[in-house]
Amino acid sequence: MTITALGPLETDILCRLCRACHPGFATTLRAGAGRSDMNVAGMASNRGRNLMNIADRAPGGAEFAVVLTNDADAPVLEKAAERGIPTEVVERAEDESRREHEQRVLEALAGYDFDLVCLDGYMRLLSDTFLDSAPTTLNVHPSLLPAFPGMDAWGDALEYGAKVVGCTVHVVTNAIDEDGEVIEDRIDAGPVVTQEPVPVYDGDDEDELADRVLYEGEFRAYPRAVEWFAEDRVTVDFEANRVSVDGDTGGDLPSRLLSSEDRAADLRYGENPHQDAAVYADNTVEEASVVHADQRNEGAKALSYNNYNDADGALNLIKEFDEPAAAVIKHTNPAGCATADTLADAYADALATDPKSAFGGIVALNRECDEATAAQIIDSFKEVVVAPGYTDAALDTLFEKENLRVLDVSDNYDVTEELTEKKLVGGRLVQERDQQSLTPEDLEVVTEREPTDEQIESMLFAWQTIKHVKSNAIVFAKRTETVGVGAGQVSRVDAVEIADMKARKDAEGKSPEGSVMASDAFFPFPDGIEKAAEAGIEAVIQPGGSKNDDIVIEAADEHDVAMVMTGQRAFRHD
């Protein structure tokens with residue numbers, strides 16, 4: 001039998017009556033039916049820190065109608081009063097039975113309108129006297145139930161030697177028999193709403209573990225559970241002892257993100273010397289990764305935070321190409337990138353784009369590094385070289401530079417990490433990895449001048465490269481090598497001017513004349529095209545989509561520049 005409630009209070013009562021009268025029926029309760037917000041009654045015997053955290057965060061718009069305690073000296077009374085939450089005190093008399101006391105608790109709550117009861121350190125087991133008359137009642141327990149139930153979950157976990165504990169938010173069910181005695185195996189045995197894992201570290205004591213479980217576990221899990229109830233997403237199946245939550249599913253972008261990595265190394269410092277840092281490893285990743293790379297010259301200094309970040313960017317760029325490819329990265333932006341028939345030629349072409357900026361940069365190669373390429377790499381100062389293997393002669397050459405870190409990565413360039421993440425203060429952004437790879441058939445020619453086959457090849461190369469340049473991004477390219485890069489500008493026309501300036505001042509043996517230009521987003525005005533034409537650009541690849549596309553195309557036609565549109569952009573903001 002499924003109950004699609006009348007109101008929250010009536011639903012709970014009816015549900016429990018049906019289970020009592022018809023124990024063979026599969027009874028399901030839909031909690032918080034039809035409400036867009038929720039009033040909560042909190043019950044605590046001490047500080048009620050979880051209740052106050054929920055009050056402060058108001059998950060799903062939930063608000064406290066009342067906080068009740070069975071101890072007149074409980075600190076939660078003052079904390080609730082500071083927040084303007086009404087309070088009630090119902091202490092248990094010495095000669096009062098459990099059920100008699102619970103009846104007085106119900107009477108004290110009768111004047112308040114609430115849809116959910118949240119317990120937080122309420123040091124009384126509740127019987128069916130309370131539970132059958134109150135709305136759904138939740139409790140948070142400091143372990144991953146069914147492990148370590150009872151009063152000393154932290155001590156039990158430490159004694160057992162557990163490496164992971166956490167907390168469990170569960171629906172409270174009756175654990176009291178008809179005589180008022182506790183049924184031990186029913187304590188903390190109600191349906192689980194949500195859980196949060198928390199690590200246990202060597203040297204932890206009960207106080208340290210309790211604090212970690214509270215702040216890293218309960219403060220996350222309890223508000224999450226209340227929000228689900230407030231959003232009317234929870235179905236409690238008492239018969240099956242299960243809770244289901246609408247939308248709490250997996251997939252590429254799950255509703256909850258759990259992450260566990262192991263610290264692989266302490267770093268000398270972070271981006272700056274005053275910042276501590278470490279690198280953490282996900283050992284399930286199969287794709288080529290600098291985190292899992294072997295450092296071939298073990299005597300060299302360890303990688304820094306910036307080295308890891310730049311090397312990751314360089315490796316991800318050269319994964320784009322099937323042909324022998326090389327890239328030089330500086331501050332996560334390409335100083336140069338190229339493909340060629342040989343790795344040595346690819347590296348020479350990449351370096352020649354901006355040898356000045358390549359000083360102190362990161363080199364990434366997508367083929368085994370040979371001695372000819374290694375000899376070029378050590379000709380100027382580099383921090384790190386990344387490749388899927390090295391010949392013995394190449395290693396001998398690279399080892400001549402004492403502090404050039406030589407990383408040996410897998411040659412598995414197939415994408416296994418489908419998502420990318422950026423940690424924010426208070427959360428994180430998660431998105432699908434940008435795996436777009438265009439073909440000539442994906443390009444829409446929008447100008448009177450048609451691009452040549454060679455220009456199309458150059459534009460597609462530039463498009464794969466620009467995915468790894470910070471926005472606003474412009475790349476000049478000729479054949480399959482970069483000529484000039486304008487990265488990270490707040491104005492697109494400025495990025496064009498910088499790419500032109502870099503090509504004219506810093507590139508060796510290259511010129512923007514006759515090159516193609518890639519833009520990671522549309523041109524809002526024709527000035528970017530006009531500057532490109534002045535630089536000698538003959539073809540442009542850009543997403544299109546501006547309300548000014550017509551006048552941008554008109555500017556390209558006026559300057560006899562071929563232009564294709566991709567219909568998709570390639571922003572990279574971090």
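Q: Which residues form a negative surface patch?

A: A patch is made of residues with over 30% relative accessible area and no salt bridge, with like charges joined within 9 Å, and a salt bridge is a side-chain nitrogen of Lys or Arg within 4 Å of a carboxyl oxygen of Asp or Glu. Here the negative patch is formed by Asp-152, Glu-159, Asp-205, Glu-206, Asp-207, Glu-208 and Asp-211. This is a predicted model, in which local features need pLDDT of at least 70 and side-chain atom pairs count only at pLDDT 80 or more, while totals for chains, interfaces and linings use all residues. Residues are numbered from 1 along each chain as its sequence is written, and side-chain values use heavy atoms, leaving out hydrogens and water.

Q: Which helix gives the most to the negative patch?

A: Helices are DSSP runs of H or I with at least four residues, and strands are runs of E with at least two, numbered from the N terminus. Helix H7 (residues 206-230) gives the most, with four residues, whereas Asp-205 sits in the loop between strand S9 (192-199) and H7.

Q: How many disulfides does the structure hold?

A: A disulfide is a covalent bond between the sulfur atoms of two cysteines, and the pair counts when the sulfur atoms are within 2.5 Å. The structure holds zero disulfides. The sulfur of Cys-118 is 13 Å from the closest cysteine sulfur, in Cys-167, which is too far for a bond. Cys-369 is likewise in no disulfide, as the nearest cysteine sulfur, that of Cys-337, is 16 Å away.

Conventions. Patch = residues over 30% accessible without salt bridge, like charges linked within 9 Å, V, L, I, M, F, W, Y side chains within 5 Å. Areas by Shrake-Rupley, 256 points an atom, 1.4 Å probe, with all protein chains shown as cover. Lys, Arg positive; Asp, Glu negative; His and termini not counted. Charge placed at Lys NZ, Arg CZ, Asp CG, Glu CD.
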